[in-house]
Amino acid sequence: MNSPVTVHLPLGTAKVAARSLSVHYGEKHALQSVDLEIRAGEVTALIGPSGCGKSTFLRCINRMNDMVDGARVSGSLTLDGSDIYDRSLDVVQLRARVGMVFQKPNPFPKSIYDNIAYGPRIHGLARNQDELDEIVMTSLERAGLLAEVKDRLTESGTGLSGGQQQRLCIARAIAVGPEVILMDEPCSALDPIATAKVEELIDDLRDNYTIVIVTHSMQQAARVSQRTAFFHLGKLIEVGDTEQIFTNPQQPLTQGYITGRFG
Amino acid sequence: MTETTQMARLGAVRPTAEIVAARLKRRHNAERRFRAVGLGAVLLALGFLGVLLFTIVGNGITAFVQTSIRVDVTFDPAQLGIEGDTSADALAAANYQAIIKQALYRTFPEAKTRGEQRQLGAMVSSGADIELRKMLIADPALLGQTRSVWLLADDDIDMAVKGHIPRQPGIAGNRLSDNEIRWLDELESRGAVKTRFNTLLWTSGDSREPELAGLWGAVVGSIYSLIITLLVSFPLGVATSVYLEEFAPKNRWTDLIEVNINNLAAVPSVVFGLLGLAVFLNIFGMPRSAPLVGGLVLALICLPTIIIAARAAMKAVPPSIREAAAGLGASKLQVVTDHVLPLSMPGILTGTILGMAHALGETAPLLMIGMVAFIVDIPATPLDPSAVLPVQVYLWADSPERAFVERTSAAIMVLLLFLALMNLSAILLRKKFERRW
């Protein structure tokens, strides 16, 4: 075990579990033997300075790294105990269970309705138009966007404000009915008010989804997460309850980062 | 040394503002010069374009009308050679040239000698009988009656009426005999000469007689060729681009393919013509002069253009859209068909239209596959021999008659019109669907 801290949880409580997970981008060792367990029904924040591997770790969970040329993954990563990188597992199936929200809001240049209906359509989740309408409405409702957009579902999703776009993207992810939602710095392109709304939403979603969020803002990590993992130079330095990480970090590196001495 | 003393020392030599001010004038002058040169270049280019268009329109505009001569024609069964037999076959085979000649001889009874009569007969086009045949077949009751008919004039008469060749005897360039000039003046004074819209130009194929020669065969040939080109190059080009852009691994082989596609875009088109001759005609034994082969050769020529445009359009689709779709569980193909292709389609179509416009104007490769042949018939299928517009321009420009000069310009105008329409549609398409990210 290279990682200085290894968390041992009873297997049943881990939604996603990484064991000696390493990622190489060509020659670069982007993630070095990470052991980390993500618990169900919690928000886990991944923090650390730029290039520390937190986004790489996040993108392993829904195999988004497959799209990167020259990326190699070793070690094991499981979702509900089954291997995410198993050859027999179809990545389409995995991504239906693990949704993702990106750094920059990226709605499709289609109507608000079609943005949300796209996922259910490609997976065949709705048997008829009524069911599809139902899914779209529920997703918008859960993303706290319904009141704002219910009169203009046919307008383009790109016409919304940045914060609304990001919540639209969250609604779009929810519409597929995932178990895990990955968020890669979802608020970095938003103003403080939009950020507050998204954070509130993340808190609401916690009951139904396991959420992993990468963030550069330690305040945000402190506000929205129950557990926090600190990465540095491709290694997992420390993981623990958010309160403990921010008040009583065990590692000097963590201490240095959260007090703003580097990063 | 502190910063202030340094500043003071520099300032004592020459203040910065003064140095900047001294150079300012030179900078402004340079800018003005550059702008003047740019404007001059634009004006020069516009001037050339203006001269080109002015020459072409000036030469060609008269080709859209054609001179006719009014004569009183008697549908005499004896002259027509159809005593009593009024079946359609007999009417179709009747000798209409004879009644035209008789009508002319009656108009100018002073033409007595064989030579004079031959000159008189030559004032009317050798294709003038077609109209009479149509009249009689439509209404056989005309048989035995006399009708005043506008007959198509010969091309020399037409040129003289339009003023393209001089009408005075003894002046260089005059192609009419003294008799013909007299008769023409006589007809004009009787109001029996007029110019009408030139329908034949739009309805008939090529002819050795300028007044009978039309563009329609070439237009149909061009349309068939372009349809074949589009059907072959668009799917091939888009499929190639999708594969190279979205699916192919980035390695030495795909780099090699990319370099070669870019090189293909620069290969002289006549080389593609030779390739078509060697492969499509000689190996596959496809018909010579056919729009099918022309279209295939043109498809090869536009393929690189389409691939390059399509790849650029697909590259312009932001990766975040691909990630968004992939993140929702869309398969690679769904990402392409649901998002990348629809979003890049305006760019792909613009590139395709520009490629097609290029293909429409292409001449050299078509000469190689025999589309330069003299073809009178309008092609009924892409397998029939045919001309295309630019080759028709080439053929007519090569013909000695003065009347073909104006027809060449008219053909160029039609070709330019098609090209302008295609480019305009490309611009409108781009304007309408242009998307900023």
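Chain A holds an open sheet of four strands in the order S2-S1-S4-S5, paired antiparallel. Strands here are DSSP runs of E with at least two residues, and helices are runs of H or I with at least four, numbered from the N terminus; two strands pair if DSSP finds at least two bridges between them. This is a predicted model, in which local features need pLDDT of at least 70 and side-chain atom pairs count only at pLDDT 80 or more, while totals for chains, interfaces and linings use all residues. Residues are numbered from 1 along each chain as its sequence is written, with chains lettered from A and ligands numbered from 1 in the order in which they are written.

**The sheet in chain A**
- Strands S2 (28-39) and S5 (82-83) of chain A are the edges: each has a single partner strand, so one side of each lacks a neighbour in the sheet.
- S1 (residues 14-25) of chain A pairs with S2(A) in the antiparallel sense over eight bridges.
- A:His24 sits opposite A:His29 of S2(A).

**The build of chain B**
- Chain B has 19 helices and three strands.
- Its radius of gyration, taken over C-alpha atoms, is 32 Å, well over the 22 Å that the globule rule (2.2 Å times the number of residues to the power 0.38) gives for 437 residues, so chain B is more spread out than a compact globule.
- Along the principal axes, the C-alpha atoms of chain B fill a box of roughly 120 × 65 × 35 Å.

**Domains of chain B**
- An automatic or database assignment divides chain B into domain 1 (3-60), domain 2 (64-205) and domain 3 (216-433).
- The C-alpha centres of domain 1 and domain 2 of chain B are 66 Å apart.
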